[in-house]
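This report goes through a few local features of one protein model. The sequence and coordinates are shown below.

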Amino acid sequence: MTTPSDEVRFRSALDDVQAYKPGKPPVRTDGRPTYKLSSNENPYPPLPGVLEAATAAAASMNRYPDNGSVALLEALSARFGVPTEHIAVGTGSVAVLFHLLQAACEAGDEVVYAWRSFEAYPIATKLSGATPVEVPLTADARHDFKAMAAAITDRTRVVLVCTPNNPTGPAVRTNELLEFLDAVPRNVLVVVDEAYREFMRGEDLVDGVEVYRDRPNVAVLRTFSKAYGLAGFRVGFAIGHEPTVAAIRKCALPFGVSHVAQAAAVASLEAEKDLLERVETLVAERTRVVDALRGQGWDVPEAQGNFVWLSLGDDTLAFATAVDAEGVSVRPFPGDGVRVTIGEPEANDAFLAVTASWRR
């Protein structure tokens, strides 16, 4: 007979950690088409040349990948005009975030971020040993920078700024971020999470890479999962000053980004012209969907990612069930609302048919 003292022990921090919940696929048994709009995936196939590069790289799968990701770092360095010493890569930007918080935080520290925002933030924060400090969004689903500045204490080590904000959609303006940064102590790292940067449209919207250049306490997260369509390969990166990047690299898993993923990412950067054309198509679809929703009477926040947000409160799960019954899966956040990816036109039409009937 075993007793509690005989059981394997795990960190007490895990008691308060909820496992990450990925978007679920749609379920339908009547043979009609189904559409997954729950994971903010790119609906298009790989960019020209990417599949060929990945296939060629797979021929050497018996070898370890380049642990330094030299070819990818050089390609990113050329693309963004930053030294390779200012770039760290990982298995998606979320992995880079985990490494960063592991490097920056320990028990007793605090991480400030808006809420609701990317659901991995509280997970990564708690697993680093730090305490999350969640600052409510404004009524129009935007970051409340005055409240975030007020939430910073001498225990704050990192501030996370998600732009455009996932899952609500609004993007941060340049002037509001710069004003916020002026109020943040220089020993607090501000991470600008720009997973959806390529979808943003507007002259006054912040570009984290430009901000980081003369701000030693700013780092930027980007990914190949969204606009570039490499979600299945898991490649993300951080751009920051050398001390920040060196710390991230120390915490990174050896050989984390596969040789195939590195080759696909480099090829994707080379196909940027085709990428931008696809992004424009998705942005046009986003505009169509937002206009249709508002025409139906929905109050939709600014949408700057490849998704839209519907604030449904207590009706969230009922709405998600209704959409699922029509073969469309969305991402519900119980008690708050649903996030819906912009997919191919027929997927968006199926979603809009449900939203129209819901408002009657």
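Which residue just after α10 takes a positive phi? In this predicted model, that residue is G297, with a phi of about 105°.

Helix α10 itself covers residues 272-295, 24 residues in total. From its first C-alpha to its last, α10 reaches 34 Å, close to the 34 Å expected at 1.5 Å a residue. The buried residues of α10 are E272, L275, V279, L282, V283, E285, R286, V289, V290 and L293. An α-helix has 3.6 residues a turn, so residues three or four places apart point the same way. The buried residues of α10 pack against α2 (70-80), α9 (259-270), β9 (307-311) and α12 (345-358).

One of the buried residues of α10, L282, is touched by N42. N42 belongs to the loop between β1 (35-36) and α1 (50-58). Because its relative accessible area is 15%, N42 counts as buried, the cut-off being under 20%. Leaving aside residues up to four places away in sequence, N42 also touches K226, A227 and G229.

| Side chain | Backbone partner | Distance |

Strand β2 (residues 87-90) is covered on both faces. I87 and V89 are buried on one side, and A88 and G90 are buried on the other. β2 runs antiparallel to strand β8 (residues 236-239), and four bridges join the two. Within this pairing, V89 stands opposite F237 of β8.

Conventions: Residues are numbered from 1 along each chain as its sequence is written. This is a predicted model: local features need pLDDT of at least 70, side-chain atom pairs count only at pLDDT 80 or more; totals for chains, interfaces and linings use all residues. Side-chain values use heavy atoms; hydrogens and water are left out. Buried means under 20% relative accessible area, exposed over 50%, partly exposed in between (1.4 Å probe, protein chains only). Two strands pair if DSSP finds at least two bridges between them. Contact means heavy atoms within 4.5 Å. The expected span of a helix is 1.5 Å times one less than its number of residues.
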